[in-house]
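Biologist: I would like to go through this model with you, one question at a time. Please show it first.

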Amino acid sequence: MIEISNRYPRVAEYLENEVGFEKWSRCHYPGLRYNITTTNMVESLNSMLVNVRDFPYVTLLDVIQEKMSKWWNDRRIVAMTITTPLTPSRESELRPRFAQSNVRHTSQLNPVTYHVKGGDLEGVVDIFNKTCTCKEFDIDKLLCVHAVAAAHYAQVSVYSLVSLYYTKGYYVLAYNETIYLVGSQSQWDVPNEVVARIVLSQEVKDKKRGRPKTSRFPSVREFKKRKNRCGKCGAYGHYKKKCNSQTGSTEGNPPTDVPV
């Protein structure tokens with residue numbers, strides 16, 4: 001933040017006073033930060049647009065919209081074919097815990113709290129607040145082995161204790177809407193106030209000499225790919241098997257420790 005303040009004081013003031021740290025800084029985020037996806041989606045879009053990112057903006061937006069429409073429809077079809085109460089990934093994660101919970105010993109402490117023994121770790125489960133001392137139930141919002149054993153002991157459906165975001169209904173609702181293509185520009189219904197608006201072109205600065213840079217700048221935490229070093233000649237960029245150097249080569253010479 002100090003570096004931003006020194007270089008861009010107005011930006012720093014906006015981020016600190018108007019936006020707030022919790023909106024853009026992960027360490028200040030008040031919600032659950034476990035298993036948060038941050039850059040994977042961005043990297044997926046970058047790989048998808050690698051061949052079209054030099055196109056004009058309108059064409060690039062059309063490609064993004066068409067791809068999103070296809071993804072949305074594919075996921076909607078998958079969601080409609082689900083026959084289990086939960087999404088397939090969460091169902092496959094929860095199923096093995098049913099068998100594991102059978103070897104646990106459960107005792108009731110009060111109407112909503114249960115003590116589960118057995119295995120490498122014991123757990124105290126609160127089925128009302130949906131918590132467990134192992135913290136897996138608290139963070140994942142999916143029943144751990146202790147919670148499954150407690151639910152069976154209390155004769156409560158395990159699916160009633162799972163977060164609604166893992167259910168088939170929420171999965172279907174997530175892709176319920178349809179993303180329509182914009183269509184030809186001649187068919188656009190543009191309001192008059194938008195047509196009358198005058199948009200000034202951005203000031204074009206002098207281009208630098210040479211070819212424009214097409215690859216992105218790596219982030220701070222990205223590691224640069226190490227070059228291969230030859231174990232024969234010590235040079236970089238190739239392996240020992242593909243080395244053309246004659247330095248230290250023993251090809252064609254018989255071993256000295258074996259009688260000829």
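Modeller: We can begin with H146, which has a relative accessible area of 6%. The model is predicted.

Biologist: Is H146 buried or exposed?

Modeller: Buried means under 20% relative accessible area. The value for H146 is 6%, so H146 is buried.

Biologist: In which helix is H146 placed, and which residues does H146 touch, leaving out those up to four places away in sequence?

Modeller: H146 has its place in helix α7. Leaving out residues up to four places away in sequence, the residues that H146 touches are V116, L121, E122, G123, V125, C132 and C134.

Biologist: In which sense do strands β2 and β3 pair, and over how many bridges?

Modeller: Strand β2 covers residues 113–117 and strand β3 covers residues 123–126. The sense of the pairing is antiparallel, and the number of bridges is four.

Biologist: Which residue of β4 is the bridge partner of D126?

Modeller: β3 and β4 run antiparallel and are joined by two bridges. In β4, the partner of D126 is T131.

Biologist: Which residue takes a positive phi in the hairpin of β3 and β4?

Modeller: This hairpin has four residues between its strands. The positive phi there is near 60°, and the residue is K130.

Biologist: What is the phi of G118 in the hairpin of β2 and β3?

Modeller: That hairpin has five residues between the strands. The phi of G118 is positive, near 110°.

Biologist: Where is Q155, and is Q155 buried or exposed?

Modeller: Q155 is in the loop between α7 (145–154) and α8 (168–174). Exposed means over 50% relative accessible area. Q155 has 75% relative accessibility, so Q155 is exposed.

Biologist: How does K135 count by its relative accessibility?

Modeller: K135 lies in the loop between β4 (131–132) and α6 (136–140). K135 has 48% relative accessibility, so K135 counts as partly exposed.

Biologist: Which residues form the nonpolar patch on the surface?

Modeller: V190 belongs to the patch, and lies in the loop between α8 and α9 (192–195). V190 is partly exposed, with a relative accessible area of 37%. With about 420 Å² of accessible area together, the patch is formed by V182, W188, V190, V194 and V195.

Methods:
Residues are numbered from 1 along each chain as its sequence is written. This is a predicted model: local features need pLDDT of at least 70, side-chain atom pairs count only at pLDDT 80 or more; totals for chains, interfaces and linings use all residues. Side-chain values use heavy atoms; hydrogens and water are left out. Buried means under 20% relative accessible area, exposed over 50%, partly exposed in between (1.4 Å probe, protein chains only). Two strands pair if DSSP finds at least two bridges between them. Patches are made of residues with over 30% relative accessible area and no salt bridge: like charges are joined within 9 Å, nonpolar side chains (Val, Leu, Ile, Met, Phe, Trp, Tyr) within 5 Å. Accessible areas come from the Shrake-Rupley method with a 1.4 Å probe; for residues, only the protein chains shown count as cover. A salt bridge is a side-chain nitrogen of Lys or Arg within 4 Å of a carboxyl oxygen of Asp or Glu. Contact means heavy atoms within 4.5 Å.
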